[in-house]
Amino acid sequence: MSTTDEIPPDAPDEGGQLALDVDELPGGAKGAVEAVLMVVEEPVSEVALATALEVTVETVRDALAEIEAELADGTRGWTIRSVAGGWRLYSHPAYASVVERFVLDGQQARLTQASLETLAVIAYRQPISRARISAVRGVSVDGVVRTLLTRGLITEVSHDGESGSTLYGTTDSFLERMGLQSLDDLPPIAPYLPEADMIDELAAQGRA
């Protein structure tokens, strides 16, 4: 048996995680940086990247510079930019017209049944939180609410004083798309929806 104190390459570090050697990865530090940028939702700093990848900040900067240079000519549809103190992936400016066309086409697409049902709950019971919408529909509505926000049919109007939850309501774009002058022109189906007290009770049961 060896008397040395060498640590195997795949031994856990002090935090219980396996030690990381980006040089053993197919793309090295550059590939590792690209992989992280693919999944972040907000700009990530060079220090945060260096810490996560267990490399120096200088190594991260070199990798970022190499990636940025490779993507500068626009032959790829994406690029990276330094914004708000960090780095993130963005569509390349050369493809702005393509992205705009796709987004606009998506805005024109028909709403799904789930979206229509969620939109109806919001329209008739606004302002209303996601928890209360979910209570009425009996399913999670996070994805549907994001879709409706993206399409500009609903917006954040206030926050619940007790829970702090975001409350949603419909927009002028909703009225325009539905051919309505105001919410008073909505068809009289509100009586078929649960009352506010019952919605609160259902929401509380869902959190129990």
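Predicted model: local features only at pLDDT ≥ 70, side-chain atom pairs only at ≥ 80, totals over all residues.
Glu 70 lies in helix 3 and Lys 30 in helix 1, so the pair ties together parts that are 40 residues apart in sequence. Helices are DSSP runs (H or I, at least four residues), numbered from the N terminus.

Glu 66 also forms a salt bridge with Lys 30, the closest N and O atoms being 3.7 Å apart. This pair links helix 3 with helix 1 (residues 28–39) across 36 residues.

Glu 66 is partly exposed at a relative accessible area of 41%, and Glu 70 is likewise partly exposed at 39%; this class lies between buried (under 20%) and exposed (over 50%), using a 1.4 Å probe and protein chains only.

## Helices 5 and 6

Glu 117 forms a salt bridge with Arg 137, with 2.8 Å between the closest N and O atoms. The pair links helix 5 (residues 113–125) to helix 6 (residues 130–137), 20 residues apart. Glu 117 is partly exposed at 34%, and Arg 137 is partly exposed at 22%.

## The loop between helices 2 and 3

Val 55 is placed in this loop and touches Val 22, Ala 50 and Val 60, not counting residues up to four places away in sequence; contact means heavy atoms within 4.5 Å.

## Basis of the values

Residues are numbered from 1 along each chain as its sequence is written. Local features need pLDDT of at least 70, side-chain atom pairs count only at pLDDT 80 or more, and totals for chains, interfaces and linings use all residues, while side-chain values use heavy atoms, leaving out hydrogens and water.

Conventions
Helix = DSSP H or I, 4+ residues; strand = E, 2+ residues; numbered from the N terminus. Salt bridge = Lys/Arg side-chain N within 4 Å of Asp/Glu carboxyl O.
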